[in-house]
Each structure stands twice: as C-alpha cells, then as structure tokens.
Amino acid sequence: LPCFRTLTTMDFSQFVWTNDTRVVDLSHSLDDQMSFYPGDPVFQCHPVSTVKSDGCAVTAISFGSHTGTHLDAPCHFIEGKQSVEEIDLSLLQGIAAVIDIPSLDSGCNVSKADFVAAFTRHYPSNKLSDFRIVLVMTGWYAHWGQEDYMQHPSLDVETAEVLVDSGVKVVGIDALSPDATSIESENNDFR
C-alpha cells in the first residue's frame, strides 16, 4: 500500500524496560487480508492520484473505527461516556508491565490465578499498582489474518477486576479483544 509501513508481527517479547524511556509501536499494518470483527466495515485502500501523473500522491482509505490495532473508548460500550478524542493522552503513557502467558488454547480464559501467577513470575518485586499499562502477551498475534483469530484467548471477569482495582488505566492484548469474541451476543467484561 502506498504510504503505509508494513509490520509482520506483534511480538511483545522485544520489550526490555530499563531506566531509559522507549516508545514502541504495536500497530499491525492495514491491508485487505487483515482480521476484523465480523460485520464491521472492511479495510479498503486505493490510489486516487499519483505523483507521476497528478503531481501528488493521494490515497482513499475506508474502514471501521475498530479496524486493526486500536483503542476502545468508554463510549464503545457505555452510552454517553468518553470518546477517543476526549481521553486525556497522559493516561495512555507510562511504564508497561508485559505479562507473558503463552501456549493458551483457542477460546480459553486467562483466570485471575493464572494472571497473578504470571505477573508475579515476571515482576517478583513489584505490585500491579506500580504500572499504569499492562500488556498481555498470549502468542495469539501469530494467528493474525487467519480464520481462527476470532477464537482468541481472553481475560475473565475476575482478571478484569484485579486490573481495575489495581489502578491500571490501559490493558493491551495481542488478540482481537481482552473479551471473548462472541458473534451471537455481546459479552464485554471490560466495560
């Protein structure tokens, strides 16, 4: 795609936090083969003009607001709550705890016990409240663009409660959503 950079994986294992600050882009590239929630608008992109023929490059892009790597604003699930542009950007910055919970089966839930055990294994001298951001690495990013991507692991309600009660402001996961993807009904534990 013109003017779009390509990333092939979303491997959180590259993170090693030190006293130095780093900004890491976790975005998937956008293309017409990418995974998307069933029923959402698909990604479309095509050139409108080129430098050679028109003197400048312009690309038409169309996609839903939940396409690819994105942030769910509170208004996505709760009527009248904040939209993305109303979120204080400082809440989206900070030191991240990267929790590796690999080898999860299709559709399984990360229980509170499994999450706490993984956190303690990775950060034995820290409390969860020491982190504003928690990134959960399940390895499911390897299924990006494949049909089984929708059967990703998810975080159960008790795990969500632990994160909220600890003051975590941002939760990221290398899957479609921290909630199970249910086509028949909306099951959103992270409201």
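In the predicted model, Phe119, Tyr123 and Phe131 make up one aromatic cluster. Four aromatic pairs are counted in the structure. A pair of aromatic rings is described by the distance of the centres and the angle of the planes.

One of the pairs consists of phenylalanine 43 and phenylalanine 63, whose ring centres are 5.9 Å apart. The planes of these two rings stand at 40°, so the arrangement is classed as tilted, given that stacked pairs have planes under 30 degrees apart and edge-to-face pairs over 60. Phenylalanine 43 belongs to the segment before strand E1 (44–49), while phenylalanine 63 belongs to the loop between E2 and E3; the pair therefore ties together parts that are 20 residues apart in sequence. With a relative accessible area of 6%, phenylalanine 43 is buried. Phenylalanine 63, in contrast, is partly exposed, and its relative accessible area is 40%.

A further pair is formed by phenylalanine 119 and phenylalanine 131, with ring centres 6.0 Å apart. Here the planes are at 80°, so the pair is edge-to-face. Phenylalanine 119 is part of helix H2 (residues 112–122), and phenylalanine 131 is in the loop between H2 and strand E5 (133–137); the pair links distant parts of the chain, twelve residues apart. Both phenylalanine 119 and phenylalanine 131 are buried.

Aspartate 156 is located in the loop between strand E6 (154–155) and helix H3 (157–165). Although buried, aspartate 156 has no salt bridge. The nearest side chain of opposite charge is that of lysine 112, at 8.9 Å, whereas a salt bridge requires a side-chain nitrogen within 4 Å of a carboxyl oxygen. A polar atom of the aspartate 156 side chain does, however, lie 3.3 Å from the backbone nitrogen of glutamate 158.

On the surface, a nonpolar patch is formed by Leu71, Val84, Leu89, Leu91 and Leu92. Together these residues have about 390 Å² of accessible area. Valine 84, one of the patch residues, is situated in the loop between strand E2 (58–62) and strand E3 (96–100). The relative accessible area of valine 84 is 45%, and the residue is therefore partly exposed.

Leucine 71, also a member of this patch, is 99 residues away from valine 170 in sequence, yet their C-alpha atoms are 9.2 Å apart in space. Valine 170 is found in strand E7 (residues 170–173). The relative accessible area of valine 170 is 17%, so the residue is classed as buried, the cut-off being under 20%.

Key:
Residues numbered from 1 in each chain as written. Predicted model: local features only at pLDDT ≥ 70, side-chain atom pairs only at ≥ 80, totals over all residues. Heavy atoms only, no water. Patch = residues over 30% accessible without salt bridge, like charges linked within 9 Å, V, L, I, M, F, W, Y side chains within 5 Å. Areas by Shrake-Rupley, 256 points an atom, 1.4 Å probe, with all protein chains shown as cover. Helix = DSSP H or I, 4+ residues; strand = E, 2+ residues; numbered from the N terminus. Buried < 20%, exposed > 50% of the residue type's maximum accessible area, 1.4 Å probe, protein only. Lys, Arg positive; Asp, Glu negative; His and termini not counted. Polar contact = N/O pair within 3.5 Å; in protein donor to acceptor, adjacent residues only side chain to side chain. Phe/Tyr/Trp six-rings, centres within 6.5 Å; stacked < 30°, edge-to-face > 60°.
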